[in-house]
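Here are my notes for anyone opening this one for the first time. Have the viewer at hand and go point by point.

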Number of protein chains: 2
Amino acid sequence: MTDARNILFIMFDQLRWDYLSCAGHPHLHTPHIDALAAEGVRFTRAYVQSPVCGASRMSFYTGRYVHSHGASWNNVPLKVGERTMGDHLREAGMDCWLVGKTHMKADDEGMARLGIRRDTQIGARVEQCGFDIWERDDGLRAEGPAGMYDPKGAEHYNAYLRARGYDSANPWHDFANSGRREDDPEELASGWFMKNARKAAAISDEDSETPYMTTRAIEFMAQAGDDPWCLHLSYIKPHWPYIAPAPYNDMYGPQHMLPVVRDARERQEAHPVFKAFMDGRIGRAFSRDEVREAVVPAYMGLIKQCDDQMGRLFAWLKQTGRWDDTLIVVTSDHGDYLGDHWMGEKDLFHDPSVKVPLIIRDPSAQADATRGTTCEALVEGIDLAPTFLEIAGGEARPHILEGRSLLPWLRGETSEWRDYVVSEYDYSMTGAAAQLGVPARQARLFMIADVRWKFMHADGMRPQLFDLAEDPQELVDLGTSAEHAGVIALMYERLADWARRPSQRTTLSDAQAEARRGKSADVGVLIGIYDPDELPPEQTAFYRGRPRPG
Amino acid sequence: MTDARNILFIMFDQLRWDYLSCAGHPHLHTPHIDALAAEGVRFTRAYVQSPVCGASRMSFYTGRYVHSHGASWNNVPLKVGERTMGDHLREAGMDCWLVGKTHMKADDEGMARLGIRRDTQIGARVEQCGFDIWERDDGLRAEGPAGMYDPKGAEHYNAYLRARGYDSANPWHDFANSGRREDDPEELASGWFMKNARKAAAISDEDSETPYMTTRAIEFMAQAGDDPWCLHLSYIKPHWPYIAPAPYNDMYGPQHMLPVVRDARERQEAHPVFKAFMDGRIGRAFSRDEVREAVVPAYMGLIKQCDDQMGRLFAWLKQTGRWDDTLIVVTSDHGDYLGDHWMGEKDLFHDPSVKVPLIIRDPSAQADATRGTTCEALVEGIDLAPTFLEIAGGEARPHILEGRSLLPWLRGETSEWRDYVVSEYDYSMTGAAAQLGVPARQARLFMIADVRWKFMHADGMRPQLFDLAEDPQELVDLGTSAEHAGVIALMYERLADWARRPSQRTTLSDAQAEARRGKSADVGVLIGIYDPDELPPEQTAFYRGRPRPG
C-alpha cells in the first residue's frame, strides 16, 4: 500500500443509497461494490446538494453549494469564473479527466463576453466544467416534436454503435434504450415508455452503455503516464430510460423490490410543494403498482450490470497496480423515489432522493484502521472536491471550496464536524411551480438535516419536518406541530446562518484577510493620526525624514 | 427638455448626507448642488451597501449586494465574471466612461486563469470594472516604510502637477495634500497629520484635485460625439487627507460645525464591535475636540470646493445643451462620522456613515412633476445601475441586478417598493477584528433598516437596534431590550429572507426559467409515461410514427 497518487471518482446517476447489498438490500447483490466498501469506508449519511442531476453535479464539481454557484437546475449554465475540481487539482499538479456525464451547460454568453474561445485549452476547460475530455456523454439523445434535447448526447457512443453494426440514425435510442415487441421483433418498444421496462434492450451487454463507459475509462487509465491523474468516471446509468440488456432485464421481479414506503397519511394535509409533485404526472405514474413492477426490476438489473462492471474495472486496477495507488470513490448524483412517498424521480428531500451511496477506498496505510467500517458523519457532495485537493497535495481553499476534506474520516482521525447538511431545490422550471402558480424567484426549497431531524423550507409556505429517529421512513410531517416549534426555530436559525455565509469572497483567503489587519500605516495610509508623534517610533522616523519638495 | 440620452454619474467620496445646505446644513452653503436638487429629486433615505469605499462602489457598479459580488472591503478583487454597469450599458448601446476613482482591484489571478489579457479591449474593461478609462485616479499616492499603498495612485495627476511646476517626486502628497509650516515655509506639513488640516494645501485652487477632475470630465464630454454615453465622474474628495487649498482651508471654523452627536450612554454596554471601533485609534482621535476642530472645517472647505466645481460643471452643461439631455446624479460612496458616536471614518451603520446624499435630475418632461421634491423611499446604492440601464433603453435584468430602477420615483409614478434596506460590513481586515479576536469568516456585520428601525447583526454577538422615530440620533441601543424582542425577531426574519435570495443564478432569467416549465416532452424526455397512449395526441403521433431501425 502506498499513498494515493491518483483519484478514480466514479459517479452513478440516480443510484439510490439503499439499492446495494452493502447498504442492506436483501435481493440485489452487488458484491464488487460491497468489496470496495469492505476495503474502504461507507458513509451512511451522504447527502447531495440538490436532488437533481445538474445542480447536484455542479456542487460536486465546484465544491460549492447551489446557492453559491447558481447553476440551480439542469441546463442552467455554470457561470464563467466558477472553478471546479479540475481547476483546483491541476493547480496542485494533478490532471483531471472526464469519461461520461457532467450535465454541465456552458455559459456561452459569459464566454463570449470575456472573449474566451472554445478552441483554446482554457476555453475548452471552461466549456467542459474544468475537465479534460476523454469522453463526454450526458447519456440522453432524446428526440421529440421540437427537436433534440441535447444534439451532442451520446454522440461518440452512437458512432461506436453504428460501427458495431447497430444500423440507425440514433442507435442510442433504437437499440441501447429500446426493446422489441414480441408480436413484431422489428418493431421498437421504446425504453421511454415504462411498460417496456422489463423487455431486453436490443443490444448486447458488452455494447450497452455501462460496459462501454468502463472500457473508455480503462483506455484512459491504460495510456495515462506517471503523472498523477483524477479520472471522473461518470456513468449514465441506472438513470432512466429504465431498460436493461439481457440478461439484466430478467434477473429481478416484483418479489425482489424493497417494500414501497408510502402511507395514506402523506396525502392528507401534505405540504403544498410535496402535494404538487405527488399529483404531477410522474408522481401519479409511480404510484401505480404496474409502473413500479415494470421499472424497479429493470432499475435493479441496471444496477447489477453496474456492479458487474465494477468487478471488471477493479480487476483491471488490481492487475495494473492502480488499485494500490488510487483513491477510489463510488457515489451518485442523487437517488430515485421509485414510488416511495407517492413520488417518482427525485426533486424532493426524502432519503430515497437526497441521500446517496458514498464509498471511498484510500489505499494508504493510514486508512487501514477504517477499512470495512461505516461512517455516520453528516457528509455532503461538496466534500469530495476538498478531499481530492488534499490527496493532490494542494493547500485547502475554504474561501472557495465550501465542503471539507473527508480524509480525517478515512484515516480514523477525530474531526470537528458540521452539525447539519444543506440541500436545495430550484423547482422554478417544473410543472409543480406552474401548478402552484409560484413565480420563479420563490420556487426554491431548502433542506436542513441533522442526525435527528429533516426540515424543509419553501418560500412563502409552511415548513416540513420529519423526525428521523421516531419516523425513519419520513411519513409523518411535523411541520405544523406546535410541539416541534423549538426544533423548527432551530432549523430556521441554521438556515439563516448558512444563507449568510460569505460564499463569494473567493478572491481573498481568510488568512490573507487576517494578515492585512492594521497594515495600512505601513504603506502610508495614516488615518486618525493628529500629530506625527502619535505614530510608532519606526514609522515616525520614516515620516519625519521625508524630503522637502523642490 | 428631451429624454435623457446621456448619464452623468457624479460620486463624491466620503461626503456625509447632511453636509449640504439642501439637506439642512446651516453653515455650509452648497448652492450648486442645491440647485440640482431644486430641479430634481433628493432622496432622503439613500443607503450604501457597505460603509467603506471599495465594497460600496463595487455594489454601485455591479448593482449587486456585497454578499453577491464578494468584493467585501477595499482591495478585495472583484472576481472575473461579475458584470458592472459598463457591461450592461454597452449592451444597451450606451458607452460608459470613467473619470476618477473606482477603488476597483482587478482579479489578476482570475484573469490569468481565463487567459484574459489586459492589452485587449475585453481585458482592459475587466481590469477597470467595466469602464472605459478617460482617467483613473483612486486618489491616494500614499507612501510608507513598506512602500506605496497604490503605485498607480494619482499617476496622471502627478504628471500634470509636475508639468505645472510642482517639483517633487510625489506632488500629490507634497503639494496637493500638504501645507507648509509657518516657522519654515519650505517644510512640509503633511495632510496625513490632522493637526495640519486647517493649513492651506501648497497648491492653487485650480490645480487641486477637484478642479482637475472637473476639467478632465469636461474634456471627455466636449469630445463625445452623438452616441449616448454614461460618464462616471468620481471625485476623490472630500475624502481624507483632510486639507484644502486656499481659500477653502479658511472658510469655516469650529463654530460652523454641526453639533457633535454623541452621548456617554453609548460607551456603556456598547455593542462589542461598536466598542472596538470607538476604542481604536481612529475612534479615539475623533473623540478629541482638537481633532474635530481641525478636521471638520477642512472637510467643509473641501465640500465647498466640490460645490463650486459643480457650479462650473453645470454651467458648462447648460452652455452646451447637455443639461437638457443628460440624467445627472450626485451621490457619495459613504459618509464620515467626524466624531459623531465617538467614531471617525465610516465602517459602521449610524446615519453619518451609511446614509448618503442622492440627488437625481432627469431632464425629461415626465419628471417635471417631481422637480424640487424629496423622496423618502428606502433606496440603495444598487438602485443606480438598473436606473441607468432603463435610461439606456435596456431590458431589466433582475436576475443579475439586485437593485430597482428609481425612474418611477423621478416620474411621480407609484411603485411597489422594498420594505427595508441592507448594508454589510466585512471587518475582517480591521484592527477591530484583531482586538476582538474574531476570525475572518465571522467578522461580518449586516444592517437591516426600515423607516422606523435600524438593526445590526454581528456573527456570534448580540444584535444592535435603534428606534429612528424615538431616537433619530441613534444614541440608545435597544439590542438587549426585551420589550423589542418582536422587532428584533422581525429583523432577523428579514435578514434570513434576504440572505437566501437567489443572487447567483445570473445565467438564466426568471422569464427563461418559467418558459421552460413542462417542456421536456417536446424534446423527447418522456418521464413518467407508462404507455404512449398517455401522451397528448400531438406527441403520441410523433412517437408512434417513429421509424424502425435498420
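The points below go from the ground rules to the pair of chains, the sheet, and a few single elements.

1. Ground rules. This is a predicted model, where local features need pLDDT of at least 70 and side-chain atom pairs count only at pLDDT 80 or more, while totals for chains, interfaces and linings use all residues. Residues are numbered from 1 along each chain as its sequence is written, chains are lettered from A and ligands numbered from 1 in the order in which they are written, and side-chain values use heavy atoms, with hydrogens and water left out.

2. Domains. Chain A is split into domain 1 (15-499) and domain 2 (518-550), with bounds that come from an automatic or database domain assignment. Taken over C-alpha atoms, the centres of these two domains of chain A are 59 Å apart.

3. The sheet in chain B. Look for an open sheet of 8 strands in the order 5-4-11-1-13-14-2-15, with mixed pairing. Strands here are DSSP runs of E, at least two residues long, and helices are runs of H or I, at least four, all numbered from the N terminus; two strands pair if DSSP finds at least two bridges between them. Strand 5 (132-136) and strand 15 (373-375) of chain B are the edges: each has a single partner strand, so one side of each lacks a neighbour in the sheet. From one strand to the next the twist averages 15 degrees.

4. Helix 1 (residues 31-38) of chain B lies across strands 1, 2, 13 and 14, at about 60 degrees to strand 14 of chain B. Helix 15 (residues 384-391) of chain B lies across strands 1, 11, 13 and 14, at about 175 degrees to strand 13 of chain B. Axes are lines fitted to C-alpha atoms, for helices over the stretch in contact, and angles run from 0 to 180 degrees between N-to-C directions.

5. Strand 13 of chain A. How many of the residues of strand 13 (residues 326-332) of chain A are buried? The count is 7 of the 7, so the strand is largely enclosed by the rest of the structure (buried means under 20% relative accessible area, exposed over 50%, partly exposed in between, with a 1.4 Å probe and protein chains only). A:Thr326, A:Ile328, A:Val330 and A:Ser332 point one way, and A:Leu327, A:Val329 and A:Thr331 the other. In a regular strand, side chains alternate between the two faces of the sheet.

6. Its neighbours. Strand 1 (residues 6-12) of chain A pairs with strand 13 of chain A in the parallel sense over 7 bridges, and A:Ile7 has A:Leu327 as its bridge partner. Strand 14 (residues 358-361) of chain A pairs with strand 13 in the antiparallel sense over 4 bridges; there A:Val329 is partnered by A:Ile360.

7. Helix 9 of chain A. In helix 9 (residues 209-223) of chain A, 11 of the 15 residues are buried, so this helix too is largely enclosed. Among them are A:Tyr212, A:Arg216 and A:Phe220.

Note on methods: Contact = heavy atoms within 4.5 Å.
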